[in-house]
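Here's a quick tour for anyone meeting this chain for the first time. Have a look at the sequence and the model, then read on.

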Amino acid sequence: MDLTLSGFDNPPPPPMGFTESNSATHFSSEIQALRQRLLYAILEKETLRTNAMNEIRLKEDCENQLYQLLKQTTFERDEARQHLLQLQHLLLPKPQTTQTQTSPPTDPLVDLLPLPPPSTSPSPPPTPTTTPPTSPPPSTPSSTSSSPPPLPATPTV
């Protein structure tokens with residue numbers, strides 16, 4: 001591999017129909033056109049870079065505003081929670097307890113939520129009450145039918 005610049009030592013031959021003076025003028029105009037295109041490309045690149053930097057700055061400003069709003073909202077939420085706790089402390093009566101038993105801390109906001117609806121699971125059957133056994137009515141001697149004795153009463157479920 002030859003690393004010399006031999007190709008640049010001798011300029012290429014001019015196209016047919018060009019003389020030496022036309023060739024120099026043609027190459028200088030091509031060089032001017034290339035320089036002009038290079039300047040336009042650099043200008044376009046700088047314009048795009050400037051626009052991108054402006055967009056980034058706008059997005060950072062928007063992000064900063066959103067962060068400040070989040071901070072303010074969080075602060076107001078915490079203040080409202082403290083105010084709610086103070087109101088609960090003032091308005092809700094304290095239960096009288098005879099034992100000094102501590103319960104795990106609960107979230108005061110959960111206490112204000114409505115209770116869940118009663119479950120629809122089947123309830124256990126009621127406990128049967130014991131009733132004194134009833135004696136069958138006295139049979140009459142004229143009765144000839146043989147019927148089974150009556151069944152004791154059972155609670156219905």
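Which residues make a nonpolar surface patch of about 440 Å²? L87, L90, L91 and L92 do. Patch members have over 30% relative accessible area and no salt bridge, with nonpolar side chains (Val, Leu, Ile, Met, Phe, Trp, Tyr) joined within 5 Å. L92 sits in the loop between α2 (20-91) and α3 (108-111).

A word on the ground rules: this is a predicted model, where local features need pLDDT of at least 70, side-chain atom pairs need 80 or more, and totals for chains, interfaces and linings use all residues. Numbering starts from 1 along each chain, and side-chain values use heavy atoms, leaving out hydrogens and water.

Overall, the chain has three helices and zero strands (DSSP runs of H or I with at least four residues, or of E with at least two).

Now for the charged pairs. There are two salt bridges, each a side-chain nitrogen of Lys or Arg within 4 Å of a carboxyl oxygen of Asp or Glu.

| Salt bridge | N to O distance |
|---|---|
| K45 and E46 | 3.1 Å |
| R77 and D78 | 2.9 Å |

K45 is partly exposed because its relative accessibility is 47%, and E46 is partly exposed at 32%. R77, at 45%, counts as partly exposed, as does D78 at 34%.

Definitions and conventions: Buried < 20%, exposed > 50% of the residue type's maximum accessible area, 1.4 Å probe, protein only. Patch = residues over 30% accessible without salt bridge, like charges linked within 9 Å, V, L, I, M, F, W, Y side chains within 5 Å. Areas by Shrake-Rupley, 256 points an atom, 1.4 Å probe, with all protein chains shown as cover.
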